[in-house]
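Please consider the following note alongside the sequence and the coordinates.

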Amino acid sequence: MATPAELYAAILADPDDLDLRRRYADAIEATDPDHAELIRVDLGGTRPDRAAALRYRQVVPRLAAPVAHLLVDWKVRNGLVELVTMTARAFVDHGDEVFAQLPVRHLTLVDAAGLMPQVADVAGLGRLVALDLSDNPIGDDGLAALATSPHLGRLRWLGLANCGIGPAGVEALAASRNLPALRYVELWGNPVEVVAKGVGQDIDGKPISVELPPLGRELDERYGPLPWLDIQWGWRLLGVARWDEV
């Protein structure tokens with residue numbers, strides 16, 4: 001039978017495998033029953049009772065303790081720390097250290113302008129299914145640098161709202177063959193129209209129709225098909241999809 005340390009190492013290697021977390025909960029039941037319960041409740045999607053919620057407040061702070069000083073923020077999902085926010089500089093300098101301790105699947109970066117070539121080189125990106133760069137003025141050059149990264153093979157969701165992205169940036173993203181799993185790109189607040197959007201509104205608040213802007217059609221024809229340009233996203237409320245929905 002695998003030890004807790006062996007199972008946790010396996011979780012770090014494959015954060016998407018939720019069965020490993022169930023086995024890890026069983027393995028730590030005798031030594032850390034509160035954390036074992038937290039994992040099971042999270043995986044089950046149930047709401048803890050008041051007593052359990054109080055116990056979890058004691059558990060959660062210590063889950064990121066070894067690297068908490070390197071994080072701006074972090075959140076628990078599926079019983080372990082999956083979502084972290086870091087400065088881009090901390091990620092470049094210490095990302096490997098953080099990812100060696102936590103099964104990160106969703107990363108939010110702040111203060112990333114001017115650092116995207118270095119960010120793109122961090123091997124830890126290969127762990128991610130979601131990367132949020134929103135509100136970082138990285139511009140077309142920053143997105144083009146990211147698109148050259150060889151570590152984005154698992155990325156499914158990319159947040160680029162308010163990043164100063166124009167046609168050159170989205171074309172660099174569309175032309176890249178380094179993001180085979182990419183399904184959704186958030187591009188609100190940029191001076192470019194490329195992703196599908198709803199037109200009009202029916203009585204239920206849903207779009208009457210969905211259109212792909214001319215640039216989106218052009219890029220999809222030239223480099224696609226590209227799932228992140230699929231018109232399905234335009235049918236969603238405000239065209240927005242959460243990272244864990246794609």
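The numbered points below go from the whole chain to single residues.

1. Basis of the note. The model is predicted, so local features need pLDDT of at least 70 and side-chain atom pairs count only at pLDDT 80 or more, while totals for chains, interfaces and linings use all residues. Residues are numbered from 1 along each chain as its sequence is written, and side-chain values use heavy atoms, with hydrogens and water left out.

2. Overall form. The chain contains nine helices and eight strands; helices (H or I, at least four residues) and strands (E, at least two) are DSSP runs, numbered from the N terminus. Its radius of gyration is 20 Å, close to the 18 Å that the globule rule gives for 246 residues, so the chain is as compact as a globular protein of that length. Here the radius is taken over C-alpha atoms, and the rule is 2.2 Å times the number of residues to the power 0.38. Along the principal axes, the C-alpha atoms fill a box of roughly 60 × 45 × 30 Å.

3. Burial and contacts. Of the 246 residues in the chain, 47% are buried. Buried means under 20% relative accessible area, exposed over 50%, and partly exposed in between (1.4 Å probe, protein chains only). Among contacts between residues at least 6 apart in sequence, 62% join residues at least 24 apart; contact means heavy atoms within 4.5 Å.

4. Helices H1 and H2. Helix H1 (residues 4-13) packs against helix H2 (residues 18-27) at an angle of about 160°, with the axes 9 Å apart. This makes H1 roughly antiparallel to H2, and their crossing is left-handed. Axes are lines fitted to C-alpha atoms, for helices over the stretch in contact, and angles run from 0 to 180 degrees between N-to-C directions. Angles under 35 degrees count as roughly parallel, over 145 as roughly antiparallel, 65 to 115 as roughly perpendicular and the rest as oblique. A crossing is left-handed if the near helix is turned anticlockwise from the far one by less than a right angle, and right-handed if clockwise.

5. Residues between H1 and H2. From H1, Pro4, Leu7, Tyr8, Ala10 and Ile11 meet Leu20, Arg21, Arg23, Tyr24 and Ala27 of H2. These comprise eight nonpolar, no polar and two charged residues. Ala, Val, Leu, Ile, Met, Phe, Trp, Tyr, Cys and Pro count as nonpolar, Asp, Glu, Lys and Arg as charged, and the others, Gly among them, as polar.

6. Helices H3 and H4. The axes of H3 (residues 33-44) and H4 come within 9 Å and cross at roughly 100°; the two helices are therefore roughly perpendicular to each other. Asp34, His35, Glu37, Leu38 and Val41 in H3 meet residues of H4 including Arg55, Tyr56 and Arg62. The contact of H3 with H4 has seven nonpolar, one polar and four charged residues.

7. Backbone geometry. Most residues other than glycine have a negative phi, and most peptide bonds are trans. Asp111 has a positive phi, near 55°; it lies in the loop between strand E3 (106-110) and helix H6 (116-120) and is exposed, at 57% relative accessibility. Asp135 also has a positive phi, near 70°, in the loop between strand E4 (130-132) and helix H7 (139-147), and is exposed at 56%. A cis peptide bond, with omega about 10°, joins Gly224 and Pro225; Pro225 lies in the segment after helix H9 (214-223).
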